[in-house]
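Please walk through the fold of this model, one region at a time. The sequence and the coordinates come next.

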Amino acid sequence: MAESSEFSKSVLDQLPIESFWDIPLYQWEGFWYRSYHLQATMALRSHFSARHDDIILASPMKTGTTWLKALCFSIVNTAARRNKTAAADDQHNETLAKTDEDDPRHRDPLVENHPAVYVQTLEVQVFTSNPLPDVAAMKSPRLFHTHLPYTALPDSIKTTDCKLVYIARNPKDTLVSMWHFFNKLRTPQQGPYPLEKAFELFADGVSHFGPFFDHILQYWNQSLKAPNKVLFLKYEDLKRDPIGEVKKLASFMGKPFAHDKEVEDVVWRCSLERLKNLEVNKNGVDPWVGMHNSSFFRTGIVGDWKNTLSDEMSERLDRITESKLKGSGLRFEI
C-alpha cells in the first residue's frame, strides 16, 4: 500500500524504536508496531466505516486468534446455511432435500482455506493491499479481525452497534507461543532467538501491538462497561468448556444455535487437532506473510509454558501479572 504521509520515514525516525527478534518496532500512542502496521492503521482509520451488524474479532498475538477466526466464521456460516435451507423449505423446494453433501461435515470451507482467508486482519491483510479494497461493497454481515489496541480502533467501531469479540490467554503460554512462532522466521544458521532476550522484551512490554497487559486491560475494561458490545473470552475457558463457551459466543454474535447438533458440529470442525491436520494447513502457505500455514498451529495446550520457562521466569512473570492486573478483577488460571 502507499505510505501514509503521517508515518513517512521522517515521522518514524522521531518515534521510540526497539528491536524485537531483530525486527524494528515503533512506539505510537503507547503501543509497539511495525512500520507497515502503522501505515495500515492510518488507512483503516481513514477509510473504514463500521456497520451496525459488523463483527470485529480482536486479540493480542498468539492468544488463540486462528481458533477464534474459525469458530466465528463457522457460526456465521451455520446460521446462513440454516436460513437458506429454511427459505427453500418455505418455498417447497424439494431440490434441497437432505443428502450426505448437505451434511456440514461434508461442506466445510475450512477444508479449502486457512481461517485467515475468511476472516482477514484489518491492519495485516485488508489495509496493506494496494490498491485498498472496497470494504464498503462487502456484503453484510462483515467479519474482520484486528490486533490493534482498543484506543487505536476507528471511532465508528466504538460508536456503532457492531460487536467486538476479544480473546486473551495467560501471559506465560502467550510468550512461549510467540517465541516458537517468531522462531519460524529464523534460518537454521541463526537458530532460535535467545529465550532470555524474548522474555525480557515481553516483560518490558515490547512485542507486536504490545504491551500485552495494557492491550488486554483496554478490552477487559470495555467489556465491563458495555457487555452487550464487547465479549471478553479466555483461551483457557474455551479449552475447558468449548460447548458452553461457543454457545455463549454464538448468542453474543446474534447467531444462536438452533439445536445442540449445530454447536457440536462447529466445535468439532474448529477443533485445533482437526484444523492442524487438514491438508491446507499442513502444506499451505500464508500469502500475506509468506509463513507456512502449519506455523499457526502448534500444541494448543494450556500450561505448555512449563516445558520452556525456567522457575525464575515463571515467578517473575507471576509477579508482573499480579501487579499489572491488580484491582481489575481479571484473572488467569493455568
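Predicted model: local features only at pLDDT ≥ 70, side-chain atom pairs only at ≥ 80, totals over all residues.

Residues are numbered from 1 along each chain as its sequence is written, and side-chain values use heavy atoms, with hydrogens and water left out.

Helices (H or I, at least four residues) and strands (E, at least two) are DSSP runs, numbered from the N terminus. Two strands pair if DSSP finds at least two bridges between them. On that basis, an open sheet of 3 strands has the order E1-E2-E3, with antiparallel pairing. Its edge strands, each pairing on one side only, are E1 (17-20) and E3 (31-33). From one strand to the next, the twist averages 40°; axes are lines fitted to C-alpha atoms, for helices over the stretch in contact, and angles run from 0 to 180 degrees between N-to-C directions.

E1 and E2 run antiparallel and are joined by 4 bridges. Ser19 has Pro24 in E2 as its bridge partner. The two strands, E1 and E2, form a hairpin with 2 residues between them, and Trp21 in the turn has a positive phi of about 55°. Helix H2 (residues 35-47) lies across E2 and E3 and runs at about 40° to E2.

Another packing arrangement involves two helices. H7 (residues 195-203) and H14 (residues 311-325) pack at an angle of about 5°, with their axes 11 Å apart. H7 and H14 are therefore roughly parallel to each other; angles under 35 degrees count as roughly parallel, over 145 as roughly antiparallel, 65 to 115 as roughly perpendicular and the rest as oblique. The contact (heavy atoms within 4.5 Å) is made by Leu195, Glu196, Phe199, Glu200, Phe202 and Ala203 of H7 together with Met313, Arg316, Leu317 and Ile320 of H14. By class, the contact of H7 with H14 has 7 nonpolar, no polar and 3 charged residues. In this scheme Ala, Val, Leu, Ile, Met, Phe, Trp, Tyr, Cys and Pro count as nonpolar, Asp, Glu, Lys and Arg as charged, and the others, Gly among them, as polar.

How many salt bridges does a search of the whole structure find? There are 11, a salt bridge being a side-chain nitrogen of Lys or Arg within 4 Å of a carboxyl oxygen of Asp or Glu. One of them joins Arg274 to Asp108, with the closest N and O atoms 2.8 Å apart. This pair links distant parts of the chain, 166 residues apart: Arg274 is in helix H12 (residues 272-277), and Asp108 is in the loop between helix H3 (65-90) and helix H4 (115-118). Arg274 and Asp108 are both buried; buried means under 20% relative accessible area, exposed over 50%, and partly exposed in between (1.4 Å probe, protein chains only).

Asp265 and Arg269 also meet in a salt bridge, at 2.5 Å from N to O. Because they are 4 residues apart in helix H11, Asp265 and Arg269 are separated by about one helical turn. Asp265 counts as buried at 3% relative accessibility, and Arg269 is buried at 0%. Salt bridges that share partners join Asp108, Asp265, Arg269 and Arg274 into one network.

A further salt bridge pairs Lys247 with Asp260, the closest N and O atoms being 3.4 Å apart. Lys247 lies in helix H10 (residues 242-252) and Asp260 in helix H11 (residues 260-269), so the pair ties together parts that are 13 residues apart in sequence. Lys247 is partly exposed, with a relative accessible area of 36%, and Asp260 is partly exposed at 45%.

Most residues other than glycine have a negative phi, and most peptide bonds are trans. The peptide bond from Asn130 to Pro131 is cis, with omega near 5°, and the bond from Ser140 to Pro141 is cis, with omega near -5°. Pro131 is in the loop between H4 and strand E5 (143-146), and Pro141 lies in the loop between H4 and E5. Lys62, not a glycine, has a positive phi of about 65°; Lys62 is in the loop between strand E4 (55-58) and H3 and counts as buried at 16% relative accessibility. Phe209, not a glycine, has a positive phi of about 65°. Phe209 is found in the loop between H7 and helix H8 (212-225) and is buried, with a relative accessible area of 2%.
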